[in-house]
Amino acid sequence: MDQLRLPGPSADTIAAFRAGDVEALGRIYDGFSRAVWSVAMTVLRDRQLAEDATQETFMRAWRAAASFDPARALAPWLLTIARRTAVDLHRRESRATQGGHEIERDVVVRMPGIEQAWEAWEVRLALDELPDEERTIIRMSHFEEMTHQ
């Protein structure tokens, strides 16, 4: 896998994040929320659930911030939390509700590797470089499964 190309937060931001600084969390969210959302979307294939998973990912990261090793890169740590959070959410959403709705079925959870999640992130970065009209057409056809017409 290629090296992650996300610009990492400064050492000061990491230290503040580990110490519980809300502004540092905001800066990290601003820098990584789209990558986290991409991982969640890859697992869940549902925009609303991916948004929920993104929020939950940052909550989990916030609770575990003090345990983050500042000698390591932040992106793989966050993306791993994102993948686990999305899988947990998928399992939770796949459970049958009480009240005899549908027959319970086993669900196969396809867990993407970090390489696949990173590739999805790079595709989204490339999309951002397209003119608005072209980006909209590609998003509608590939991500929202609309026809080309």
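**Entry 1: the whole chain.** I began with burial and found that buried residues make up 33% of the 149 residues in the protein chain. Buried means under 20% relative accessible area, exposed over 50% and partly exposed in between, with a 1.4 Å probe and protein chains only. I note that this is a predicted model, where local features need pLDDT of at least 70 and side-chain atom pairs count only at pLDDT 80 or more, while totals for chains, interfaces and linings use all residues. Residues are numbered from 1 along each chain as its sequence is written, and side-chain values use heavy atoms, with hydrogens and water left out.

**Entry 2: the elements.** I counted 6 helices and 0 strands, in the pattern α-α-α-α-α-α along the sequence. Helices (H or I, at least four residues) and strands (E, at least two) are DSSP runs, numbered from the N terminus. Next came contacts, meaning heavy atoms within 4.5 Å. Of those between residues at least 6 apart in sequence, 62% join residues at least 24 apart.

**Entry 3: the cores.** Which residues touch the most other members of the largest nonpolar core? I found Phe-17, Ile-28, Phe-32, Phe-58, Leu-74 and Leu-78, out of 23 residues. Such a core is a set of buried Ala, Val, Leu, Ile, Met, Phe, Trp, Tyr and Cys residues joined through side-chain atoms within 4.5 Å. Two or more residues each come from H1 (11-18), H2 (22-44), H3 (47-64), H4 (74-94) and H5 (114-128). H2 gives the most, with 7 residues. I then followed Ile-28: leaving aside neighbours within four places in sequence, its contacts include Pro-9, Thr-13, Ser-33 and Phe-58. A second, separate core has 11 residues, among them Trp-37 and Leu-44.

**Entry 4: H2 against H5.** How do H2 and H5 pack? Their angle is about 120° and their axes are 9 Å apart. Axes are lines fitted to C-alpha atoms, for helices over the stretch in contact, and angles run from 0 to 180 degrees between N-to-C directions. The angle makes H2 oblique to H5; under 35 degrees counts as roughly parallel, over 145 as roughly antiparallel, 65 to 115 as roughly perpendicular and the rest as oblique. The contact includes Trp-37 and Met-41 of H2 and Ala-117 and Trp-121 of H5.

**Entry 5: one arginine.** Is Arg-63 buried or exposed? Arg-63, found in helix H3, is exposed, with a relative accessible area of 58%. Its C-alpha atom is 8.8 Å from that of Gly-20, 43 residues apart along the chain.
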